[in-house]
Amino acid sequence: MTGAEATPDRIELRGLTVRGNHGVFDFEKRDGQDFVIDVTLHTSVARAAATDDLAETIHYGELAEDVAGIVENNTFDLIETLAERIADHCLSLCEHVEVVVHKPSAPIQRTFDDVRIRVERRRADSAAASVREPARAADAPRGSGDTAEGETEAYLNLGANLGDAADTLDQAVAALDRHPDITVTRRSSLFRTAPWGGVDQADFLNLGVLVTTTLSALELLSVAQGIEVACGRTRELRWGPRTLDIDLIRFGDEDGEQHSRTPRLTLPHPHAHERAFVLAPWAELVGDTLIDTPQGRRPISAVLAELDDQDIARITSG
């Protein structure tokens, strides 16, 4: 057990309200909104208590100003990134920190109380991440299957048919890539596709991305859903119009893909083999990979050929 885990002492700063300009939308960056920050530092206060000396503890007034400065002097698409930056700073003061970033004015088209991201970091974890970082900073995008130690490759499919769908997809890909634990390695062409599921609505724009990530599948799904919410996604009608839809299709490469059957996540995606708008961008990115179907694992080209009645057209190159 490490010292950071053993100490029962904590210094807590809660409810720090700071105006910031963070969010996917231009108006969020332009107009700003209030963010509420909670910070918990796990650190021994025994020496400060014994000496009654401010120099022997963490000055919470200075901490508040430092955290406020991070909120005020940066602009991020995601509050996940904001939370990570605050945690990085706090790890210069202690070994173990918890940070919660609240976004009570998030642009959600439903009544809600709060949106918040909570991260917990230890200094040893931060050091390990920094050792891996050079592998993430390649000059050219990595191909399928080329991942660093501790990373997993995943394929996500993105679609939109409301508003400026192409711009929304661009923003979503950029938001994924800005996450500190996700790297977009390849992006497909843009495809125009007929709506799937029998709902009368406008055509969709779809694309696929390959990413490498140190997150778990559920964590990656949560980030994707957070980006959906930031772009105004609501879930009123199944297979209905979407400002943004991000589906996690495969987690892991062909030889090491993970399987999941939980209420939150089924992997591989159970309908991927039925949807040309999922398979066409995927095939463009990885070639003739094998995918799961009710008939067993089959080449993606063969499955896609059987969906030639689905209306799909490439409109830009990747």
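This report describes the strands, helices and cores of one predicted protein model.

## Basis and overall make-up

The model is predicted: local features need pLDDT of at least 70 and side-chain atom pairs count only at pLDDT 80 or more, while totals for chains, interfaces and linings use all residues. Residues are numbered from 1 along each chain as its sequence is written, and side-chain values use heavy atoms, with hydrogens and water left out.

The chain has 10 helices and 14 strands. Helices (H or I, at least four residues) and strands (E, at least two) are DSSP runs, numbered from the N terminus. Of the 318 residues, 47% count as buried; buried means under 20% relative accessible area, exposed over 50%, and partly exposed in between (1.4 Å probe, protein chains only). Contact means heavy atoms within 4.5 Å. Among contacts with a separation of 6 or more, 67% are between residues 24 or more positions apart.

## A sheet of four strands

Four strands form an open sheet in the order S1-S2-S3-S4, with antiparallel pairing. Two strands pair if DSSP finds at least two bridges between them. Strand S1 (10-20) and strand S4 (116-122) are at the edges with a single partner strand each, so one side of each has no neighbour in the sheet. Neighbouring strands are turned by 15° against each other on average, direction ignored.

Within this sheet, S2 (residues 33-42) and S3 (residues 96-102) are joined in the antiparallel sense by 7 bridges. Asp-38 stands opposite Val-100 in S3.

## Helices H4 and H5

Helix H4 (residues 60-72) lies across S1 and S2, at about 35° to S1. Helix H5 (residues 79-90) lies across S2, S3 and S4, at about 150° to S3. Axes are lines fitted to C-alpha atoms, for helices over the stretch in contact, and angles run from 0 to 180 degrees between N-to-C directions.

The axes of H4 and H5 come within 10 Å and cross at roughly 145°. On the H4 side, Leu-63, Asp-66, Val-67, Ile-70 and Val-71 meet Leu-82, Arg-85, Ile-86, His-89 and Cys-90 of H5. These contact residues divide into 7 nonpolar, 1 polar and 2 charged. Here Ala, Val, Leu, Ile, Met, Phe, Trp, Tyr, Cys and Pro count as nonpolar, Asp, Glu, Lys and Arg as charged, and the others, Gly among them, as polar.

## Nonpolar cores

A nonpolar core is a set of buried Ala, Val, Leu, Ile, Met, Phe, Trp, Tyr and Cys residues joined through side-chain atoms within 4.5 Å. The largest has 34 residues, of which Leu-156, Leu-158, Val-209 and Ile-227 touch the most other members. S5 (152-160), H7 (165-178), S6 (182-187), S8 (204-213), H8 (217-230) and S9 (245-251) each supply at least two of its residues. H8 gives the largest share, 7 residues.

Leaving out residues up to four places away in sequence, Leu-158 touches residues including Leu-169, Val-173, Leu-207 and Ile-246. Another core, of 29 residues, lies apart from the largest one and includes Val-18, Val-67, Ala-68 and Ile-70.

S7 (residues 190-193) pairs with S14 (residues 312-316) in the antiparallel sense over 4 bridges, and Arg-192 has Ala-313 in S14 as its bridge partner. S7 also runs antiparallel to S8, joined by 3 bridges; there, Phe-191 is bridged to Asn-206.

In helix H9 (residues 276-286), 8 of the 11 residues are buried, so H9 is largely enclosed by the rest of the structure. Among the buried residues are Phe-277, Trp-282 and Leu-285. Gly-287 follows H9 and has a positive phi, near 80°.
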